[in-house]
Amino acid sequence: MDTIKRLLCTGFAAFCLGSGMASAASPGPAVQPTGITAAVSAEKAGAPAASKNDGIKAIRDPLAEADAKILEKFCLVKGGTYKKVTACLQGLDKGATGLDPAGRPYYLRVDRELTDKFFRRVRAYDEKDKTQIGEYYVAKDLSSVWRLDGEKPGMIAGSADKVMKKTRLQVYPRYLQLGEKGIVRLRTPGEVPYTLKVKSLNENVVSVDSSNQLIPQKLGRTDILVEAQVGNVKDSGTARVFVVTKEELQQIAYRSYLNRLYLNEMMMLDDFYWRSWWGAPFYGPAYIGHRPPPPHHGGHRPPPPRGRR
């Protein structure tokens, strides 16, 4: 996407990111917890009542009874990265994180592997019943913190500038068949929440419904304008789509198949050519450097590398 505007630059401390910042609205409303009837039923069954952040059902810590070796295989339990991530999250306002160690003691699980090579996922569990009370993303460079649960998931601290740079616009399919629908979405790291505003520059060819789906109207082509917001950063971009018939779509797919078949055949012939001319004595582990040029059509084989003389 062609960047038009960056609102904020990344810049906050490693261990204290300050109070929560304005977060982007989620694409849809979060699922609300069950009502009073469900809470009463849970109490009768002897189970803890679900809190506001638990979602539909309480999620128990799957590693609650795991031994140290299994725990360290999947989670960070010590070290500099663990201290930075946990201190970063615990240093935020409890109104943004929903974590209150005095009112509800908890412990944190920090994933060992990064999500999309950028986010460190952190989950908070109640110390008593081991149920999940919070889920978060902390950027590996501590540039942003995101809350994944609750009524309004989104960024709660930092800047989404680096997240937007890794975000990709997806308009699919580019060749839209009459009678079908297309989609417009963002591929964000970790699938963090975002908002979209989609417009067609020629609604006689393609229109956009309330769900940001592309509806073909007649044969032709048009550009789709997309205005997106991830966290506190806005950006925009365009993508061209074509409305075609079923027969035209089949022809396009067939030509694409022939192109792939042609490229595969050329690669096989090229490999056969090099194997035939260069063989083991002239092209092997002893040859240092780039692959030698092919021999002249009417000449002799070039001399072997120095190491082979």
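Okay, let's start with burial: of the 309 residues in this protein, buried ones make up 33%. Keep in mind that what you see on the screen is a predicted model. The protein exposes about 19,200 Å², and carbon and sulfur atoms supply 54% of that.

Now the overall build. There are six helices and 14 strands in the protein. If you take the contacts with a separation of 6 or more, 53% of them come from residues 24 or more positions apart.

Six strands form an open sheet, in the order 1-2-3-4-5-6, and the pairing is antiparallel. Which strands sit at the edges? Those are strand 1, residues 75-76, and strand 6, and each of them pairs on one side only. As a bit of background, strands of a sheet pair through backbone hydrogen bonds, either parallel or antiparallel. Zoom in on strand 1 and strand 2, where strand 2 is residues 106-111: the two pair in the antiparallel sense over two bridges. You can find Leu76 standing opposite Val110 in strand 2.

Next, the inside. In soluble globular proteins, nonpolar side chains tend to be buried together. Here, the largest nonpolar core has 28 residues, and among those with the most contacts inside it are Phe119, Trp146 and Leu214. Elements giving two or more residues to this core include strand 4 (132-139), helix 5 (161-165) and strand 13 (220-230). Apart from that core lies another one, of 19 residues, with Leu89, Leu108, Ile133 and Ile156 among them.

Let's pick out Phe119. What does Phe119 touch, leaving aside its neighbours within four places in sequence? Its contacts include Leu114, Tyr137, Trp146, Val163 and Pro189.

Now a couple of cysteines. Cys75 counts as buried because its relative accessibility is 2%, and the cut-off for buried is under 20%. Cys88 is buried too, with a relative accessible area of 0%. How many disulfides are there in the count? The count comes to zero.

Last stop, Ser159. You'll find Ser159 in the loop between strand 6 (154-158) and helix 5. Is Ser159 buried or exposed? At 3% relative accessibility, Ser159 counts as buried. The side chain of Ser159 also reaches the backbone nitrogen of Asp161, at 3.3 Å.

Technical notes. Residues are numbered from 1 along each chain as its sequence is written. This is a predicted model: local features need pLDDT of at least 70, side-chain atom pairs count only at pLDDT 80 or more; totals for chains, interfaces and linings use all residues. Side-chain values use heavy atoms; hydrogens and water are left out. A nonpolar core is a set of buried Ala, Val, Leu, Ile, Met, Phe, Trp, Tyr and Cys residues joined through side-chain atoms within 4.5 Å. Buried means under 20% relative accessible area, exposed over 50%, partly exposed in between (1.4 Å probe, protein chains only). Helices (H or I, at least four residues) and strands (E, at least two) are DSSP runs, numbered from the N terminus. Contact means heavy atoms within 4.5 Å. A polar contact is a pair of N or O atoms within 3.5 Å; within protein, one must be able to donate a hydrogen and the other to accept it, and residues adjacent in sequence count only if both atoms are side-chain atoms. Accessible areas come from the Shrake-Rupley method with a 1.4 Å probe; for residues, only the protein chains shown count as cover. A disulfide is a pair of cysteine sulfur atoms within 2.5 Å. Two strands pair if DSSP finds at least two bridges between them.
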